[in-house]
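Have the sequence and the model open beside you as you read.

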Amino acid sequence: MINFKDNEELNTLNHSCAHMMAHAIKHLYPQAKFWVGPVVEEGFYYDIDLGDVTITDEDLPKIEKEMKKIAKDGKKIVRHEISKAEALEQFKDDPYKMDLIERMPDDLNISMYTQGDYTDLCRGPHVDNEKLCRYFKLTKHSGAYWKGDKNNKVLQRIYGVCLPTQEELDAHLADLEDAKARDHRKLGKDLSMFMFSDTIGAGLPMYLPNGFTVRRALSDYIMDKELAQGYVHVKTPSVVNSKLYKISGHWDHYKDDMFPAMQDRRDPDNAYVLRPMNCPEHMIMFKSKLHSYRDLPVRIAEIADDFRFEASGALTGIERARAFTQNDSHIFCTPEQIKDEIKSVTKLILDVYKDFGFDKYSFRLSLRDPKNTEKYFGNDDLWAISESELREVLKEMDVPFYEAEGEAAFYGPKIDVQVRSALGHDVTLSTIQLDYQLPERFELEYVGKEGVKERPVVIHRAILGSLDRFIAFLLEETKGILPLWLAPKQVVVVPVAPEAHNEYAKGIVNNLKAMGVRASLDDRNEKLGYRIREAQMNKIPMQIVIGDGEVESNGVTVRRYGSREQVQMSAEEFYKSLREEIASKK
């Protein structure tokens, strides 16, 4: 996907097209007054006061038609400057422009741009003439509070995009349609996976049976992987005493992102908070007994529910919510074990990515911002050591990586795995963080080889990251066509004539369920074609059709999602191949 804001050429072109749209709107709605028309990542928009008129979908083609007339005329876009006093006089009847002008310095020469019979305030730059803006599309409209303040008037906001050629515009619009089809919020609703309710609260997802089935399958999958690598799983509370986060340092560095504390009515010295992360609790768990160096590494893992008080405008379905579940772990090890543990975690990440078919990813070494060290806690020496050790591990593993200052956690540097999505975005799915700071703050110890108490190092790691975000990513990558092993409904058995074939079909379903396969029977009084189409719409990986031939031969006819091909085989062959396919995670 194109980022119009960051591309200098497209930024100028789209800002000029925003002005051309305002030009056209002024022709169609002479009463129109304009607030701002910036370029944003997805193109441009303009906020407009149309008085009593409300823009509808039917109005956009009318505006586009007028814009095409203006572009065909191709008036030059001319820049000139006037004084602040002249600007105040020229726009004295426009409260929106007056608000902008009055906040400018008195000695400033204000730049104006004129194109034909339309003039507007603007810093620029713009393209030479309106004809260069002829390949455009208005994409959507909405309401927007003036200055983003809910106490102000609602303005009409119209969005659009502009590209240099028709071919580029067509390709971009096709990408936008693909993005709509991949939107996990739409797919989650269509596939009955999760829902939100204002009565429950913004950013608090509820998983429906299909969605919970996927969550459970992911949890089982990653816990089995972790058990095989020597992790132990625990469960810690979602509500904890705020003192815990004062010890860890999160209270000073993170409390603005946490839900407000709940004061203990019976004990004014105590308050409780919904936890935003789990590391402090795992520190307490490790500290609860004395460890020998022979015990290390201790790998504590948890499928943990966490809560962060995200701004309402930042909420994005289950990708960014206020309640989410992390595939979290903390490895307590000696300094000598750091490299081997990080290598082991990296191999686990790559093993998981292989199962899911992720092959476009990069490693980012996320470092502290040396110009803004007050954002982080701990001393410079520990930061230098931990950053150097992560860099050395990546080099030893011969893993290509790049460095990014300012992306570290506030307590330590990290390795972020950036996965390239189908929409061209880099998404952080997995992280490995090296931490010398929290063991100091919690005074963690183990008995070393010489019988002296020593300080362990902690490696924070998340393989799937947030299960919620991972599901959102998978839905958008696959357009909701989840792999067989993960699909909430794996097989649907469809008898051609329920009254004649139901008994045999139910036997197939029962056998599949006994194998642990998520199978169901569709014996509704509907035409066969209708039931198969509905299974396709619900993206069920396999449909098993049962007719006279299948009953007589003790066989099945297999039809896969997205294919018209039908494969006949014996029931036993089908069971065997199905087991193998699910086990292989294909």
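Glu 8, Glu 9, Glu 167, Glu 168 and Asp 170 form a negative surface patch. This is a predicted model, where local features need pLDDT of at least 70, side-chain atom pairs count only at pLDDT 80 or more, and totals for chains, interfaces and linings use all residues. Residues are numbered from 1 along each chain as its sequence is written, and side-chain values use heavy atoms, leaving out hydrogens and water.

**The negative patch**
- Patch members have over 30% relative accessible area and no salt bridge, with like charges joined within 9 Å; a salt bridge is a side-chain nitrogen of Lys or Arg within 4 Å of a carboxyl oxygen of Asp or Glu.
- Helices α1 (8-28) and α5 (166-182) each bring at least two residues to the patch (helices are DSSP runs of H or I, at least four residues; strands are runs of E, at least two).
- The most comes from α5, with 3 residues.
- Glu 168, in helix α5, is partly exposed at 37% relative accessible area (buried is under 20%, exposed over 50%, partly exposed in between, with a 1.4 Å probe and protein chains only).

**Cis peptide bonds**
- Gly 124 and Pro 125 are joined by a cis peptide bond with omega about -5°, and Pro 125 sits in the loop between β6 (118-121) and β7 (136-145).
- Leu 296 to Pro 297 is also cis, with omega near 5°; Pro 297 belongs to the loop between β15 (291-292) and β16 (298-307).

**Positive phi**
- Most residues other than glycine have a negative phi.
- Lys 147 has phi near 65° and lies in the loop between β7 and β8 (154-162).
- Asp 398 has a positive phi of about 55° and is exposed, at 68% relative accessible area.

Note on methods. Patches are made of residues with over 30% relative accessible area and no salt bridge: like charges are joined within 9 Å, nonpolar side chains (Val, Leu, Ile, Met, Phe, Trp, Tyr) within 5 Å. Accessible areas come from the Shrake-Rupley method with a 1.4 Å probe; for residues, only the protein chains shown count as cover. Lys and Arg count as positive and Asp and Glu as negative; His and the chain ends are not counted. The place of a charge is taken as NZ of Lys, CZ of Arg, CG of Asp or CD of Glu.
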